[in-house]
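Here is a friendly briefing to read beside the coordinates. Please have a look at the structure first, then go through the points by topic.

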Amino acid sequence: MRAAVLHETGQDRLDVRGDVTAIGFGPGTVRVRMRAASLCHSDLSAMSGVLPQPAPFVPGHEGAGDVVEVGEGVTGVAPGDRVVLCWMAPCGRCAHCARGRGHLCVASLRRLGAPGFRLAEDGTEASGFYGTGAFAEEVVVAADAVIKVPADLPYEAAALIGCGVTTGIGAAVNTARVEPGATVAVIGAGGVGVATVQGARVCGAARITVVDPVASRRERALAFGATEAIAPEELRAAAKALPGGGFDHVFEAVGQAATVRAGYDAARRGGAVVVIGAGAQDDLAQFTMGELFFNEKRLLPSLYGGAPVARTIALVVDLWRAGRIDLDGMITHRVGLAEVNRAIEQMRSGEALRTVVSLG
C-alpha cells in the first residue's frame, strides 16, 4: 500500500512510497482502511522535532476511515463501522479515566515509537504519529485509538474532528465554558483557532476578536463567526477599550510563550487565558508572582478539548448535524496522497486552513 514516511526528524518533505505494509494486527487491535486525512500543524511540529515522535514515522493524526477487521477481544466497533482516529487514546483504567478525565490519560504514550508499518525495500519499521499514522491507505491501531462516528458523517468532515475541531470547540465549551454575552479573543486563525471561534459563537459570545498577522487568515475567520479581526499589534488597544479593560476569555491557538503572554495581558482582571496551542518544551512563558496573585487571571491549558474525547466528538457531530458549525467551509484545499508535500507547503505558508488528503 501507499504511505507518506518521514525518515529523519527535521526533514521538510515526506517520502510517498507504495511498498509499505501496516503491521501489528492481533488481539486488541483494529485494521482501518483510511479514506481521508487532514493536515494539522502538530504534524509539522512532530516532523521538526518540537513534538516528540521517534523517526522514521508516518505522520497524520486527523483521519477517518472504515474498520476492516477487529482483533480478538475488541468490542465497541465492528467491520464496516466508520471511525475517526484518536491520537491520545484513554485506557479506561487509570486514575484520570476513573475521574472522567480520559483526555489526560497518558497510557497511549507508552506506544510512542512502536512499529506500525514496515517498508518492504529494506524491512525498516516505522511508527505512526502518536500511535496513528493517518497518511497511509491502511493502519493497524489499538482498539482504543478509534472512535465510532455516524455513517452519514462525510469522511472529510470526520477527519477534521479527529483533532483540530474537537480541540478548538472543546476549549470554548468544556474548558472556558464561555458564557452568553462574553467578550472573546482568539490568537491564531488556523484550523484550531477557527474551530474555537465557532465554539465561542455556539456558546453565545457577544464579541469574538480574532488576532493573526496574516490578513487573508483574519478575513477568513470572519466567515466563521468572528465579529472583528485584527493584527497582533492592535490587540493591546482593543483590550484596553473594553469596559473591563480586557477580554473575558483569551484563547491562545499558536503554541508560543510570546502569544501566551500577549493573551494574559489582553485578558481582564479575573478573566481567563486558555492555552490550546501545542508548543515546545523549552519555550518558557514568564509571569510575576505579584501579577498572578493580584490580577486573579486564570491560566487554563486545554488538551484535546478539555473533556473525554468521545464525548466532545459526539457534541461536535450534533452541532454539525444541527447546522450550528461549518466543517465543509474549513476545508480550503484537497489533494491526493501523492501531493501531500504540497499540503505541507500550504500549511507552512498560511494559505490553507485545512487541507484534506484523499486516501480513496
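Contact here means heavy atoms within 4.5 Å. With that cut-off, T167 touches V192, I276, Y304 and G305, leaving aside residues up to four places away in sequence. Please keep in mind that this is a predicted model.

**Helix α4**

- Helix α4 spans residues 164–176, and G164 has its place in it.
- T167 lies in helix α4 as well.
- Is G164 buried or exposed? G164 is buried, because its relative accessible area of 1% falls under the 20% limit.
- T167 is also buried, with a relative accessible area of 6%.
- Not counting residues up to four places away in sequence, G164 touches E62, V192, A195 and R354.
- From C-alpha to C-alpha, G164 and G244 are 31 Å apart in space, and they are 80 residues apart in sequence.

**Cavity and pocket**

- How many cavities of 30 Å³ or more are there? The count comes to 1.
- The largest cavity has a volume of about 30 Å³.
- Its lining is made up of C86, W87, S108, R111, Y130, G131, T132 and A145.
- Those lining residues divide into 4 nonpolar, 3 polar and 1 charged.
- The second largest pocket holds about 210 Å³ of space.
- This pocket is lined by 15 residues, and A114, P115, V140, V141 and A142 are the closest to its centre.
- Strands β8 (115–119), β9 (125–128) and β10 (138–142) each supply at least two residues of the pocket lining.
- By type, the lining of the second largest pocket divides into 7 nonpolar, 7 polar and 1 charged.

**Aromatic rings and charges**

- Searching the whole structure gives 5 aromatic pairs.
- For W87 and Y304, the ring centres are 4.6 Å apart and the planes are at 20 degrees, so the pair is stacked.
- W87 sits in the loop between β7 (82–85) and α2 (95–98), and Y304 in the loop between β17 (298–301) and α10 (309–321), so the pair ties together parts that are 217 residues apart in sequence.
- Both W87 and Y304 are buried.
- F57, W87, F129, Y130 and Y304 are linked into a cluster by ring pairs.
- R31 has its charged end over the ring of F25, 4.9 Å from the ring's centre.
- K297 lies over the face of Y264, at 4.5 Å from the ring centre.

How values were computed:
Residues are numbered from 1 along each chain as its sequence is written. This is a predicted model: local features need pLDDT of at least 70, side-chain atom pairs count only at pLDDT 80 or more; totals for chains, interfaces and linings use all residues. Side-chain values use heavy atoms; hydrogens and water are left out. Helices (H or I, at least four residues) and strands (E, at least two) are DSSP runs, numbered from the N terminus. Buried means under 20% relative accessible area, exposed over 50%, partly exposed in between (1.4 Å probe, protein chains only). On a 1 Å grid over the protein atoms alone, a cavity is a set of points where a 1.4 Å probe fits but cannot get out, and a pocket is an open set with protein on both sides within 12 Å along at least five of seven lines; lining residues have an atom within 4 Å of a point. Grid points are joined across faces, edges and corners, and a volume is the space filled by probe spheres set on the points. Ala, Val, Leu, Ile, Met, Phe, Trp, Tyr, Cys and Pro count as nonpolar, Asp, Glu, Lys and Arg as charged, and the others, Gly among them, as polar. Rings of Phe, Tyr and Trp (its six-membered ring) pair if their centres lie within 6.5 Å; planes under 30 degrees apart count as stacked, over 60 as edge-to-face and the rest as tilted. A charge sits over a ring if NZ of Lys or CZ of Arg is within 6 Å of the ring centre and within 35 degrees of the ring normal.
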